[in-house]
Amino acid sequence: MPITINGAEYELDVDPRTSLLDFLRRDAGLTGTKKGCDHGQCGACTVLLNGQRINSCLTLAVMHDGDSVTTIEGLGTPDAPHPLQAAFVRHDGYQCGYCTPGQICSAKAMLDEIAAGWTSFVSDDVAGTPKLSEEEIRERMSGNLCRCGAYSNIVAAISEVAEAQA
Amino acid sequence: MKPFDYQRAHGLDDAGQLLVADGAKPIAGGTNLLDLMKLEVETPTALVDVNRLPLGGITAHGEGLYIGALVSNCACAADPRIRSDYPVLARAILAGATFQLRNKATTGGNLCQRTRCYYFYDLSQTCNKRAPGTGCAAIGGFNRIHAILGASDTCIATYPGDMAVALSALDATVEIHDVKGDKRLVPVRDFHRLPGDTPERDNVLEPGDVITGVVLPAPAGGTQLYRKVRDRASYAFALVSVAAVIHVEDGKIAKARLAFGGLAHKPWHDARVEALLEGEAPSDALFDQAAALLLDEARGQGSNDFKIPLTRRTLKAVLREATGGTL
Ligand SMILES: Cc1cc2nc3c(=O)[nH]c(=O)nc-3n(C[C@H](O)[C@H](O)[C@H](O)COP(=O)(O)OP(=O)(O)OC[C@H]3O[C@@H](n4cnc5c(N)ncnc54)[C@H](O)[C@@H]3O)c2cc1C
Ligand code: SF4
Ligand code: FES
Ligand code: FES
């Protein structure tokens, strides 16, 4: 079975050692997803797998036939940006931009997780309904490092989109 | 990464047969195994993908719950029954790694995650766990994250995970399918091993074994806390962590269940400490005694000496909070 990436199907005819990240960049030609550490420590490679955020560097492409992946290219385009992409631009949520595709894919999934009622380690009541606060956003986005330290503006961009959706 | 044969298990018996071969390893989320394979710390010749086995879902099991081995850490911590009836487990899972990693990390893989000892990761160093018989560069080296309890002369590594610490406090059980097709149940408290003179063996799994699930006993009630002390506020392994389930009745500690992360080659559980607390009225003096008993055989290795007072203070803080005092 092929893998579906941003709605298009691709055959997984690759060396089993190929990470999903390398498959996206090299074999599918989708270079929006970035490689930072290649060890699950930075979040630059974050994509959505069947709607959930994962680190594409720590999974093998061959494990994902039949799965559906969304990368930054599938979230929005320069002409029709996703609300998060537009908010990152408005709030200067980056400097070099290297972490940005991962930040935006991660933020997209984070808003879905909150909508689904998932709590985090900083939620007061782990069994309760999560409330969106700056502290919650920082905890939930801790898997996405930004070497340029654009964190304040990233939080501002995500808060704006979250409030607009609420 | 070294080349390997990629095989997908079609059924548990098939998995057992594939895994009994020399050099074969199961892969679930891959978040620990692939990290180590990239560094060639792990060099399996055959990778058995267990992800399509029917080991998902959280189901009722007697008065407790059964968590399938493939349930992701995120799914487990988001389950309403886990959040309301086993909050110490939900909190411990949420304290580990990140949402991205926890979406892939599985219950079975999390239990089997390997140590974060720097020398284990570094092929240029001696390490009895990675290369038995070569020595242990951590003894006399940098050992800030290493064990203060239960270590041996061959290995002073710690088990790094959070989830299993809560499972130990809850006295959960690991269900294992073996190569003969039989199932056995191992208490989480006995699943991980102390290093002794075979530090290459982290746990009691044998070739061909597949973890199929984890059984939680009836909800423990009480006040359930998971406190994790680490170098940064998020996305870091524990220096010390405490999972606690405490019942206070009529001004006395009626029941205490405690397990500790970051201290040893396994989640640390000491029934003596629980017995000392039970039946007593909470007080700082009592908590001091509990900490002293917990740490009576603790030994620092140099750079981790700080863990002894840190554990004492963290345990006291948790006990104060759980018995209604302040921080
Ligand atoms: C940057 C980073 C930070 C992290 N921080 C934390 C943290 O703070 N706290 C924490 O607890 N963890 C942390 N982790 C570790 C993470 O929790 C583990 O990598 C994850 O739980 C492993 O699960 P997995 O399914 O991906 O396992 P895999 O990588 O697939 O496998 C791990 C091991 O388990 C074996 N295995 C898998 N499934 C089975 C099965 N069903 N039966 C038998 N054996 C099996 C594999 O053969 C392998 O040896 C972190 C990881 C990373 C990369
Ligand atoms: S402490 Fe254990 S894992 Fe670390 S170097 Fe020594 S033998 Fe290896
Ligand atoms: S490249 Fe995957 S987490 Fe850094
Ligand atoms: S914008 Fe440069 S790393 Fe984040």
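A nitrogen atom of ligand 1 sits 2.7 Å from a side-chain N or O atom of B:D162, a polar contact (a pair of N or O atoms within 3.5 Å). The model is predicted: local features need pLDDT of at least 70, side-chain atom pairs pLDDT 80 or more, while totals for chains, interfaces and linings use all residues. Residues are numbered from 1 along each chain, chains are lettered from A and ligands numbered from 1 as written, and side-chain values use heavy atoms without hydrogens and water.

**Exercise 1.** Find which residues of chain B place a polar atom by an oxygen atom of ligand 1.

*Solution.* Step 1: take the backbone; an N or O atom of B:P26 is 2.6 Å from a ligand 1 oxygen. Step 2: take the side chains; a polar atom of B:N110 is 3.3 Å from a ligand 1 oxygen. Step 3: consider cover; ligand 1 alone exposes 990 Å², of which the protein buries 97% (Shrake-Rupley areas, 1.4 Å probe).

**Exercise 2.** Describe the shell around ligand 1.

*Solution.* Step 1: count; 32 residues surround ligand 1, with B:P26, B:G30, B:T31, B:T106 and B:D162 the closest (a residue is near if a heavy atom lies within 4 Å). Step 2: sort; 14 are nonpolar, 14 polar and 4 charged (Gly counts as polar). Step 3: assign chains; the residues come from A and B, so the site is shared between chains.

**Exercise 3.** Determine how far α4(A) is covered.

*Solution.* Step 1: residues 100-115 of chain A form this helix of 16 residues. Step 2: 13 of the 16 are buried (under 20% relative accessible area, 1.4 Å probe, protein chains only).

How values were computed. Polar contact = N/O pair within 3.5 Å; in protein donor to acceptor, adjacent residues only side chain to side chain. Helix = DSSP H or I, 4+ residues; strand = E, 2+ residues; numbered from the N terminus. Expected span 1.5 Å × (residues − 1). Buried < 20%, exposed > 50% of the residue type's maximum accessible area, 1.4 Å probe, protein only.
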